[in-house]
Amino acid sequence: MDESDRTPKNLAATAFFQMTGVGVSSEEYLSVLNPEQKEAVKHSGSPLLILAGAGSGKTRVITTKIAYMIDELGILPWHILAVTFTKKAAAEMAERAKHLSPNAVKSHIRTFHSFGSWFLRLYSSNAGIDPNFTVYDDDDMVTLLLKAVPSLNRQQASFIAHKISLAKDYCLTPDSSELSTIESSPEFPVYYAAYEKKLRQTGNVDFGDLIMLPVLMMEADESVRTDMHSRFQVVLVDEYQDSNVAQFKLLQQLVGEKTYVCVVGDDDQSIYKFRGAEVQNILTFHECFPNTKIIKLERNYRSVSPVLTVANDMISNNTQRLGKELVAVREKGKKPTVIFLPAQKDETKLCADMIEKAHKGGCPYSDWAILYRTNAQSLGFETEFLHAKIPYTVVGSLKFYQREEIKDLLSILAFVVNQKDEIAFRRIINKPARGVGGVTQDKVVLNAPNHDLLEGCRLFSSSMSKKAKTGVLEFVAFIDGLISDIDVESSEPGKLSELVDIIIKKSGLGEYHSNQDEIAGTQRLANMQELVNSAVLYNKNRSGLLEFLDHIELDRTLELQNQEDNQDAVTLITLHNTKGLEFPRVIITGLEDGIFPRKDKTEEELEEERRLFYVGITRAKDELYLTSCGLRQLYGRTEYMKVSPFLLELDPKHIDVVGKPPLEFKTLCSDTQEPNTQQGRLASFMENHPELAELADKWKKGRKVYHDDWGYGLIVQTNLDDNCSDYDDEYVINIQFESGSLKKIMPKYQSHSLMLIKD
DNA sequence: CAATTCGGGATCTGC
DNA sequence: TCCCGAATTG
């Protein structure tokens, strides 16, 4: 360590680290950064925009910056607010910052929505919402809207609900004059207003409110604004390219005269326009925040150069960009492979085969990720992998929390904390069937004093049919029991999981769901049990329950335990969900016109699809495969698919091709390179993979071998034989052993146990 | 009021 | 294909 660097602060920090035994010295964590990264970390004073390309060490820069501000600039950790978009990203950021500087745990590292939730609970009285509010998701919004505007059918309601959340993403209230830019129909403001009225009656909020309400409050109330300004001296925003207008306004409000603001993002990775993300936020940041310093991070540490070449090729087809070219730090590497397959089933089979072969050769399952455009595409892979006994994790498909049985339980919990919650009430009052139908429910909802639905049940039970009366009173007694359960004053409240367990048994939902379907019922019970398990961390009292509901609503990534248990598993994931992730080997599937890009896209939307493809490509560290099928099951039908226009945009020189390319693709290649057909395979394989030639030369058909486990054998076939149907571009040989078994082996990975026998 | 059946319509991405 | 809602029936 340079003696001259021992500033007083530095000494203090060093002393602290010695004391706690954790953390890294600032010299150390700064020394691993490149000059631009270091500049970004050390910058202070004016607003800062970091344009960080994929894999450019963005997270490292942010976390180091947090640590640096605490250790070197003497900023108190709780004066730092860092917001991200996903809980996963927030958790990772917190973890890495803590590793660099233990004090970082005291800083506010949150998602936008959890910040909003925290803010609204802090000021719930000002906002006119229930301090015990829960958050309604999209499905709840639709249900609520249907109740607010009964003339709508479900389809219309979900369309309008989507528009309402979009309006909130743009921070537009029902009386806003700009509302027509979201939806021009004259009824829309009326529907929106009716929805808002209904929502405020329940005391709850939707996702859009978590951002919009804090903005409106800060805009209207100076004392709230100054309170925030004194709480946070530093505001950092990650993935800024995906922020929406409401989030931009939130940032504007949070940044006072003395606040240091720093945003990080990549315009080429903006993929959430459909949900209100506004690329303009990042493109015009420097205009909104005067004297902005812009730092570009263009060195990519993640992907091998051939992968990055293809990524750069692809994104250069977009017109709406700031302009940025990633430079690979990792020079050597394999060209991405485009694989053309006859049908969907071949795609799943191919993936399974590739993964399994690599696994036999020592490559862990977790190295692989299968990317697809829509969640529905995961099903084929799940079936195939189950069959092939390949462990896998599906990221974010039918999310745990939105399964019917889970939503039922959560609705009971939500109703226990807030008896004005109409959505929860309607969901659970007659489930299992208690003879309480829509008519009875309406009577309660419309006449309940102060919208207290439980009180409504009590008051009107006498005027109900005998059957309904029994059911309603049974329900009231059940909920009353739960309420008194959590309101018991005790220094040792017990665990919330006990309460969830009781609910499953006493509500009859456990029985109800397990009787619904013999096979699925078991799974549903297991899911409910999983909710019990996750509640074990919370106290069995009102505040514990609130924390739990908050956690569930804002963390949409809760996965099933059995999936988490399996560390070594292939990742099945939508392209959108891969934001911020990386994998050694990536397969992007379904590259067909209409699937990816999805059909009916405007030119502008096509650019977003292309950015999505770019995001997918840049997830790959070492190997990238792109698959495209000729036939696919669609809407229950088998359809002929055209190749994705994105594949036609690729430079044939920068990729390898396996399988039978469709005509369009061949035409494209004809003047540059003859694509690999079945006949030309051997030659082109050799050309593209010199290392294969070496292997193929050694492990020739007809040679005798000895294997440690299987004994003596004869190489009877290789996958470079022209009649072989394997698509793989590894060198694979078939060996007939004397013991009788026929094995497929990759010599590349078997050098330790397989040897040639001289004739 | 609940269970069953039938037909139409959708099917993207997600905090 | 599958899911949802309207219509029909018990």
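## A walk from the core to the DNA

Start with the largest nonpolar core, which has 69 residues; a core here is a set of buried Ala, Val, Leu, Ile, Met, Phe, Trp, Tyr and Cys residues joined through side-chain atoms within 4.5 Å. Select Phe-115, Phe-119, Leu-120, Leu-145, Met-228 and Leu-251, the residues with the most contacts inside this core. Then colour helix H11 (residues 207–220), which gives the most to the core, with eight residues. Helices are DSSP runs of H or I with at least four residues, strands are E runs of at least two, and both are numbered from the N terminus. In soluble globular proteins, nonpolar side chains tend to be buried together.

Before going on, note that this is a predicted model, where local features need pLDDT of at least 70 and side-chain atom pairs count only at pLDDT 80 or more, while totals for chains, interfaces and linings use all residues. Residues are numbered from 1 along each chain as its sequence is written, chains are lettered from A and ligands numbered from 1 in the order in which they are written, and side-chain values use heavy atoms, with hydrogens and water left out.

Next, zoom in on Leu-251. Skipping neighbours within four places in sequence, Leu-251 is in contact (heavy atoms within 4.5 Å) with Val-235, Val-237, Tyr-240, Val-261, Val-263, Phe-285 and Phe-289.

Now hop to Asn-418, in the loop between helix H19 (404–417) and helix H20 (422–428). Is Asn-418 buried or exposed? Asn-418 counts as buried because its relative accessibility is 2%; buried means under 20%, exposed over 50% and partly exposed in between, with a 1.4 Å probe and protein chains only. Show its side chain and you'll find it reaching the backbone nitrogen of Lys-420 at 2.9 Å. Beyond four places in sequence, Asn-418 is in contact with Asp-130, Asn-132, Thr-202, Gly-203 and Asn-204.

Last stop: DNA strand B.

- Thr-440 lies 2.8 Å from a phosphate oxygen of DNA strand B.
- His-576 lies 3.3 Å from a base oxygen of DNA strand B.
- Arg-598 lies 3.4 Å from a sugar or linking oxygen of DNA strand B.

Zoom out to finish: chain A has 33 helices and 23 strands, and buried residues make up 55% of its 759 residues.

Key
Polar contact = N/O pair within 3.5 Å; in protein donor to acceptor, adjacent residues only side chain to side chain.
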